[in-house]
Amino acid sequence: MLLYNDHPELRDFKKRRREAITAATCLTEALVDHLNVGVAQAYMNQRKLDHEVKTLQVQAAQFAKQTGQWIGMVENFNQALKEIGDVENWARSIELDMRTIATALEYVYKGQLQSAPS
C-alpha cells in the first residue's frame, strides 16, 4: 500500500512547488535588483544636483558681491564727476569774480589817474 507522502502525484506537486518557489524568489530578487539600480541612480543624480545647487549658490553669492562692488565703484565715479563739475562751476564763478574785481580796480585806477593833478 502506498503511503500518502509517497504518492507520485504528490511528489511531482512538491517538486513543482519547490521549483515555483525558487522561480518566484529569483524573479523577486531580479525585480528588487532592477528597482535598486533605479533607486541608486536616482540617489546619485540627487547628490549631483545637490552639489550643483551648492556650487551655484556660492557662485551667485560671489557674483552678487562683485556686482555690489561694481555698483559702488560706479557710484563713486559718478560722485567724482559731480565734484569735478562742482569744481569747474566754482572755478568759473571765481574767474568771473576776479574779472569783476579786476575791472573795478582798473576803473578806480583810471579814475585816480584822471583826477590826479599833473
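Trainee: Is Lys110 buried, partly exposed or exposed?

Mentor: Before answering, note that this is a predicted model, in which local features need pLDDT of at least 70 and side-chain atom pairs count only at pLDDT 80 or more, while totals for chains, interfaces and linings use all residues. Residues are numbered from 1 along each chain as its sequence is written, and side-chain values use heavy atoms, with hydrogens and water left out. Buried means under 20% relative accessible area, exposed over 50%, and partly exposed in between, with a 1.4 Å probe and protein chains only. Lys110 has a relative accessible area of 46%, so Lys110 is partly exposed.

Trainee: With which residue does Lys110 form a salt bridge?

Mentor: Side chains of opposite charge can pair when their charged atoms come close. A salt bridge is a side-chain nitrogen of Lys or Arg within 4 Å of a carboxyl oxygen of Asp or Glu. Here Lys110 pairs with Glu106, their closest N and O atoms being 3.2 Å apart, and Glu106 is partly exposed at 45%. Both residues lie in helix 1, four residues apart, about one turn of the helix; helices are DSSP runs (H or I, at least four residues), numbered from the N terminus.

Trainee: How many salt bridges does the whole structure hold?

Mentor: A search of the whole structure finds four, including one between Glu88 and Arg92 at 2.4 Å, N to O, and one between Arg16 and Asp12 at 3.3 Å. Arg16 has a relative accessible area of 55%, which means that Arg16 is exposed, whereas Asp12, at 33%, is partly exposed.

Notes
Helix = DSSP H or I, 4+ residues; strand = E, 2+ residues; numbered from the N terminus.
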